[in-house]
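Trainee: Before we start, show me the model, and then we can go through it by question and answer.

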Amino acid sequence: MMMLDAASNDCCPFYREEDWIDLYVSGKPSDIRIAMLQHKEACAYCRNAAAEWQDLLASNEVVQASDDAANVEFGDLMPSPAVRRSLVKQVRKQGLQHRIRSVTRSRRRWITAAASGVVLIICLMGLSRMVHEPANQRNHYVQQHEPQAMPFMSDPHTASYQVHPSNEELGDGYVWFNDDSKEVLVMLEGMLPSDTHDVQAWAVNERGRENLGLLHHSEAGRAHLYIKKESLASVDIIVLTVEPLGGSISPTTPDAYIIRLQHR
């Protein structure tokens, strides 16, 4: 019945659980009672056993005397053997029910905690997929339509960052730039193809603006431009403008994107 290591009982062969129940339920002769209480103070196993049963009995209003009443004589007030056996049986039953409820509550708390942990892991996995899915789609796009740019995109020296347009109709902008290899890739997401306009890129330097070309609409909703040229070493800013179909010799509209290259 006790929640103690079974091996601990080997250290104390003197008293069983029944002895402690008898002590608190029906009493013991004075000399035996005193001996048991003195033994309890020196024996950790019996002290724990006595405390456990005393708590159980007290919670059911069975204990009528404390350890301080060591010299009380019970005499004729002692219950009959049949009554004592009934009390012991009832106490044992209640003790077992108490332990079962404790184990059930502990198991329920463990199951609840485990379920919460599983839900948290699933949410984190879903969030991770949501975070990485767009990046994976962009990589797949480049691999399909600009495969020569893949090595520079995976280079640890390549800076990648997001840029925001002055015109929301152009969608979100993403840039990859490598100062060592003089490569840059610009991608717009969310921009629909137009039959009347193109997006054109310009390099800005001390000499003015240099035409870098038109963004390619390889897929609906995505446009990109990949450039590899030595002159990028002296370029600090790339701007995008919306031009008539086919592009212009010089910009004809305000800058829609201003991209500052992150030189090392």
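Mentor: First a term: a polar contact is a pair of N or O atoms within 3.5 Å; within protein, one must be able to donate a hydrogen and the other to accept it, and residues adjacent in sequence count only if both atoms are side-chain atoms. This is a predicted model, in which local features need pLDDT of at least 70 and side-chain atom pairs count only at pLDDT 80 or more, while totals for chains, interfaces and linings use all residues. Residues are numbered from 1 along each chain as its sequence is written, and side-chain values use heavy atoms, with hydrogens and water left out.

Trainee: With which side chain does the side chain of Glu 210 make a polar contact?

Mentor: Glu 210 is found in strand β5; strands here are DSSP runs (E, at least two residues), numbered from the N terminus. Contact means heavy atoms within 4.5 Å, and leaving aside neighbours within four places in sequence, Glu 210 has contacts that include Trp 202, Lys 229 and Ser 231. The polar contact, at 2.9 Å, joins the side chain of Glu 210 to that of Lys 229.

Trainee: Is Glu 210 buried, partly exposed or exposed?

Mentor: Buried means under 20% relative accessible area and exposed over 50%, with partly exposed in between (1.4 Å probe, protein chains only). Glu 210 has 23% relative accessibility, so the residue counts as partly exposed.

Trainee: What is the strand order of the open sheet of four strands?

Mentor: Two strands pair if DSSP finds at least two bridges between them. Six bridges join β4 to β5, eight join β4 (residues 197-205) to β8, and four join β8 to β9 (residues 257-260). Pairing is antiparallel, and the order is β5-β4-β8-β9.

Trainee: Which are the edge strands?

Mentor: An edge strand pairs on one side only. The edge strands are β5 (208-214) and β9.

Trainee: Why is strand β8 largely enclosed by the rest of the structure?

Mentor: Within the sheet, Val 242 in β8 stands opposite Val 199, and Leu 240 has Tyr 257 in β9 as its bridge partner. Strand β8 (residues 237-244) has eight residues and is largely enclosed because the number of them that are buried is six.

Trainee: Which strand gives the largest share of the lining of the largest cavity?

Mentor: The residues lining the largest cavity include Met 191, His 197, Asp 198 and Val 199; lining residues have an atom within 4 Å of a cavity point, on a 1 Å grid over the protein atoms alone where a 1.4 Å probe fits but cannot get out. The largest share, three residues, comes from β4.

Notes
On a 1 Å grid over the protein atoms alone, a cavity is a set of points where a 1.4 Å probe fits but cannot get out, and a pocket is an open set with protein on both sides within 12 Å along at least five of seven lines; lining residues have an atom within 4 Å of a point.
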